[in-house]
Amino acid sequence: MNLDTRIKFRHLLCFLEIARQGSLARAADVLAISQPAISKTLKELEGLLETRLFERTRQGVELTPAGTRFMRYAGPSVQALRDGVGSVRGAARAPSQVRIGVLSTVEGLLMPEVLCRLHQRHEGLVISVVTGVSAQLLGQLHLGELELVVGRMTDSPQIQGLSFEHLYSESMALVVRPGHPLLARSPVDRSQVGRYPLVLPPLGTTIRQHADSLFVQGGMQMPAQRLETLSLALSRRYLLGSDGVWVAPRDAVLIDLGRGELAELDLGVREPGGSVGICRNAALAQSLPAQWVCEVLREVAQLYRAGDYP
């Protein structure tokens with residue numbers, strides 16, 4: 001049996017939308033078809049592949065191991081076809097484009113320099129940057145909706161089936177506003193840290209695990225009053241107007257520390273750090289603009305490791 005002639009584009013669209021939404025009902029709404037129709041299409045695809053692609057859960061559906069393997073190829077295939085159609089319809093007038101995911105760990109320091117260098121070298125390059133948590137961005141990478149994800153994500157379960165290239169290591173830091181009461185002693189009295197509001201990444205994010213590890217390593221108690229956010233701008237503004245303590249990726253606050261706008265607490269210990277790098281879907285052929293992004297990422301990362309940036 002030649003499956004190539006049996007599996008249609010609608011089968012792939014249906015499969016990918018169900019995987020994206022985690023629900024047949026929500027996927028049917030997005031595709032503007034009835035739930036019986038999407039169930040029938042999924043059943044046809046599972047019949048052609050002779051395996052189950054989803055398991056039902058209380059929340060909806062989730063991919064089986066076979067479904068996860070199939071998604072590695074289905075997503076890039078659909079995206080490649082869309083790109084091909086777009087290139088023919090847009091002809092030579094279309095600018096070079098690349099769509100990348102950026103985690104908060106690199107949003108404030110690494111990526112601005114990378115993006116500036118790219119635009120200096122490549123006229124007409126359109127770079128679409130999507131921010132969010134690692135699970136969301138890696139999910140889009142699996143589906144072929146992103147070409148690259150940059151940041152600290154090696155502890156995320158969604159990285160399975162993707163390739164990761166290490167750029168450099170980064171640790172977490174505890175920072176406060178200048179003049180904060182905790183700065184009166186160095187090293188800081190760790191027993192006093194729990195008396196102040198804490199700003200840290202939300203539960204379930206990769207860097208939250210490292211933030212929690214820092215508190216365990218330092219023997220510090222997590223305060224009851226917490227602000228959980230990935231927004232660097234919100235965290236910074238909150239800190240400057242309060243006695244809060246921010247558990248921040250060091251890169252996110254390095255420039256602030258150098259300018260004296262924030263101050264780092266000396267805990268006497270340092271979180272061992274995590275790997276910052278580039279994640280991509282090896283099943284998807286890398287476009288030329290994506291290659292340009294990787295080249296500049298490596299270039300700036302080398303400067304960072306050598307202490308020549310920022």
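Biologist: Where is the place of Leu 239 in this structure?

Modeller: In this predicted model, local features need pLDDT of at least 70, side-chain atom pairs count only at pLDDT 80 or more, and totals for chains, interfaces and linings use all residues. Residues are numbered from 1 along each chain as its sequence is written, and side-chain values use heavy atoms, with hydrogens and water left out. Leu 239 is placed in helix α9 (residues 232–240); helices are DSSP runs of H or I with at least four residues, strands are runs of E with at least two, and both are numbered from the N terminus.

Biologist: Why does Leu 239 count as buried?

Modeller: Buried means under 20% relative accessible area, exposed over 50%, and partly exposed in between, with a 1.4 Å probe and protein chains only. Leu 239 has 0% relative accessibility, and therefore counts as buried.

Biologist: What makes the pair of Phe 15 and Phe 54 tilted?

Modeller: Rings of Phe, Tyr and Trp (its six-membered ring) pair if their centres lie within 6.5 Å; planes under 30 degrees apart count as stacked, over 60 as edge-to-face and the rest as tilted. Phe 15 and Phe 54 are 5.5 Å centre to centre with 50° between the planes, a tilted aromatic pair. Phe 15 lies in helix α1 (residues 9–21) and Phe 54 in strand β1 (residues 54–56), so the pair ties together parts that are 39 residues apart in sequence.

Biologist: Why is Phe 54 called buried?

Modeller: Phe 54 has 4% relative accessibility and therefore counts as buried.

Biologist: Why is the pair of Tyr 168 and Tyr 304 tilted?

Modeller: The ring centres of Tyr 168 and Tyr 304 are 4.3 Å apart and their planes are at 35°, so the pair is tilted.
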